[in-house]
Amino acid sequence: MVNNIYFAILLMALVTYIIRVLPLVLIRREITNRFVRSFLYYVPYVTLAVMTFPAILFATNVIWSALAALLVAVVLSLLRCKLPVVALAACVTVFLVELIPFA
């Protein structure tokens with residue numbers, strides 16, 4: 001493989017361009033299929049979750065504190081708590097779990 005930064009930048013630009021142009025070229029009318037529409041509706045949420053999830057697990061010193069905070073955040077969000085409450089509870093959970101000495 002060529003160790004050229006300009007080649008890498010050109011390749012990334014080409015791939016990004018193709019991904020953005022293909023839907024415009026291939027799909028010329030409104031999408032009426034319910035399955036495809038619902039699939040496309042959830043793409044931004046899935047992308048955000050995929051980018052955020054690894055950061056949640058590896059942002060702390062101990063994996064157990066990250067898992068505990070994730071569990072607390074999921075439970076509180078399912079209980080329809082507001083975002084600042086969920087974030088604060090997750091932070092407090094990380095703090096408290098990291099105070100516990102693990103072997």
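## Basis of the model

The model is predicted, so local features need pLDDT of at least 70 and side-chain atom pairs count only at pLDDT 80 or more, while totals for chains, interfaces and linings use all residues. Residues are numbered from 1 along each chain as its sequence is written, and side-chain values use heavy atoms, with hydrogens and water left out.

## The largest pocket

The largest pocket has a volume of about 450 Å³. A pocket here is found on a 1 Å grid over the protein atoms alone: it is an open set of points, where a 1.4 Å probe fits, with protein on both sides within 12 Å along at least five of seven lines. Grid points are joined across faces, edges and corners, and the volume is the space filled by probe spheres set on the points.

The lining consists of 18 residues, a lining residue being one with an atom within 4 Å of a point. Thr52, Ile56, Leu70, Ala73 and Val86 lie nearest the centre of the pocket. Helix H2 (34-58), helix H3 (63-78) and helix H4 (83-99) each give two or more residues to the lining; helices are DSSP runs (H or I, at least four residues), numbered from the N terminus. By type, the lining has 15 nonpolar residues, 3 polar and no charged. In this scheme Ala, Val, Leu, Ile, Met, Phe, Trp, Tyr, Cys and Pro count as nonpolar, Asp, Glu, Lys and Arg as charged, and the others, Gly among them, as polar.

## The cysteines

The model has 0 disulfides, a disulfide being a pair of cysteine sulfur atoms within 2.5 Å. For Cys81, the nearest cysteine sulfur is that of Cys91, 15 Å away. Cys81 is partly exposed, with a relative accessible area of 31%, whereas Cys91 is exposed at 52%. Buried means under 20% relative accessible area, exposed over 50%, and partly exposed in between (1.4 Å probe, protein chains only).

Cys91 belongs to helix H4.

Thr93 is placed in helix H4 and is buried, with a relative accessible area of 14%. Leaving aside residues up to four places away in sequence, Thr93 touches Ala68, Ala69 and Val72, where contact means heavy atoms within 4.5 Å.

Arg80 lies in the loop between H3 and H4. At 76% relative accessibility, Arg80 counts as exposed. The phi angle of Arg80 is near 65 degrees, a positive value in a residue other than glycine.
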